[in-house]
Amino acid sequence: MILFDTVTKLYPNQTRPALEEASLEIEKGEFVFLVGPSGSGKSTFLRLVLREERPTAGNVWVLGKDLSRLSNWKIPALRREIGTVFQDFRLLPNKSVFENVAFALEVIGKPKAHIKKVVPEVLEVVGLEGKEERRPDELSGGEQQRVAIARAFVNRPKLLIADEPTGNLDPGTSVGIMKLLDRINRLGTTVVMSTHDAQIVDQMRRRVVELEHGHVVRDQSRGVYGYAR
Amino acid sequence: MRAQFVASEVGSGLRRNLTMTLAVIITVAVSLTLFGVSLLVRAQVDTMKDFWYDKVEVSIFLCAKGSDTPSCAGGAVTAAQRDQIEADLESLRPLVQDIYYESQEEAFARFQEQFANSPIVDSVNESALPESFRVKLADPTQYDVVASAFSGRPGIEQVNDQRQVLDKFFRLLGGLQAIALIIAVVMLVVTVLLVVNTMRVAAFSRRRETGIMRLVGASNLYIQLPFLLEAAVSAGIGAILAVGGLILTKSVVIDQILAPSFQFTAFVGWDAVVGIAPILILVGIGLSGLAAFLTLRKYLRV
Ligand SMILES: Nc1ncnc2c1ncn2[C@@H]1O[C@H](COP(=O)(O)OP(=O)(O)O)[C@@H](O)[C@H]1O
Ligand SMILES: [Mg+2]
């Protein structure tokens, strides 16, 4: 599903690489936590998967494709198979819940009839039925993140990337989001999620990959956030 | 690709950027109008050249009684001199195509007709006007052959080439055309810069939407098309206004103002306008679309 082979990423005008000789394989159907302090390279890792950045050295394979050989015009097709969720939700403030999810389908040319059918379905999966016409500013943070997850999942992607999805949410709300991501994983989507949140990681007991200064320092199945606690 | 979605994006984009859109429309309209007018002036010069080069003559003025050039020191031209000149002109055929002799009476009649409404007519008498040979050349550019053969000869006051007078006039028109063209090109450069800036602002103000579009895998074409169409639509409106300006120039400035006052010459026809209009629309939309495309490539990268 994802394979990093001694990947180094050095941003322009930086002296320290954000990721250094990182190697990692993530299998189909896994749920993986990416943990580590701020600046350890978690977001960089996820951007490399999305081909938003290219590695300085090493190779990245995603969904069986060598991203270094993927030509620019094929990137959209790759991204259609990957759902993405971020800490800041990234919703369109002047569109309703329904329209925000529908937007993701409109812009990849899906027919209207298809959109009318699948958007209510996915809103039910994330528990937002009845709130289709609300605008993002009429929703709680947790609900906004559910809209973002619905948008990421509406195409039933093979892979879901979540960069600190609970970073802006209180612990109680976070639990609900984690349950949702877990459900999506059980529906067959591979989930890779970066987080700071030790409590969540410790509760879920899934695979944990820890980054420190751009190095993979720990890779543990059914792991916890850190040895220190 | 869903046409309705793209159309609504273009519409909302144009409205959101209304001042910029108007600025683009106006600069496109002004620069293309100037460009069109400069093309029209060139077509006018060509029309006039066609019209006049057929009619221009070399005039050989013969000495009249009071002529004071050195070649007229012997007084008015004699019959022998006149016959010799005519014979020499005949010998220059076929370069010399037509020879027409204008007597003093004819010259006076033409003078009276030309200045019919002017008091000058009464102060000039027949003997002061020179008689002349009007010569039409097969190739009007070979004027020098005639000039070197006849000017300065006793009995000839002056050899005069109408074409040289016309060429001065055409050069003046050509200069005006060049100035209009330079201003038009400068304005087009301004237009391109404005489109670049408009696209930059538009891309920035919609970075949320385009960012999401990239993430969910919208194709580049889908992301850029609303912007490109926006640039093309505003340039298209500007170009249509410019075509309107050109039509106005032809129907009002040329047909109603210039043509009635200068009936002796030909003016460009509507075919020139019909030929220029598509050029304006293509240049307008093409330039603006290209500027937009190159800007977006930089600001809406995958
Ligand atoms: N676009 C960028 N340009 C330059 N440096 C960056 C950029 N993005 C991240 N970095 C640097 O790379 C390192 C890793 O950042 P990041 O991957 O965002 O870490 P994390 O998500 O774990 O906080 C940091 O030192 C950060 O300053
Ligand atoms: Mg980060």
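Entry 1, salt bridges. I began by counting salt bridges between chain A and chain B, and the count is one. This is a predicted model, so I read each value as computed from it. I then looked up the partners: Glu52(A) and Arg214(B) join through their side chains, with 3.3 Å from N to O.

Entry 3, the side of chain A that touches chain B. I noted that α2 (75–79), β6 (82–86), α3 (97–106) and α4 (112–125) of chain A each give at least two residues to this side. Sorting that side by class, I got 13 nonpolar, eight charged and three polar residues.

I listed 24 residues of chain A in contact with 15 residues of chain B. The two chains bury about 1900 Å² between them, and carbon and sulfur atoms give 60% of that area. Which residues of chain A lose the most area to chain B? They are Arg79(A), Phe103(A) and Val107(A), together 29% of what the chain A side buries.

I picked out Thr21(B), which sits in helix α2 (residues 18–53) of chain B. Is Thr21(B) buried or exposed? Thr21(B) counts as buried because its relative accessibility is 9%, and the cut-off for buried is under 20%. Setting aside neighbours within four places in sequence, I found Thr21(B) in contact with Leu14(B) and Ser234(B).

Technical notes
Residues numbered from 1 in each chain as written. Chains lettered and ligands numbered in written order. Predicted model: local features only at pLDDT ≥ 70, side-chain atom pairs only at ≥ 80, totals over all residues. Heavy atoms only, no water. Contact = heavy atoms within 4.5 Å. Buried area = accessible area lost by both parts, 1.4 Å probe. Salt bridge = Lys/Arg side-chain N within 4 Å of Asp/Glu carboxyl O. Helix = DSSP H or I, 4+ residues; strand = E, 2+ residues; numbered from the N terminus. Nonpolar A, V, L, I, M, F, W, Y, C, P; charged D, E, K, R; others polar. Buried < 20%, exposed > 50% of the residue type's maximum accessible area, 1.4 Å probe, protein only.
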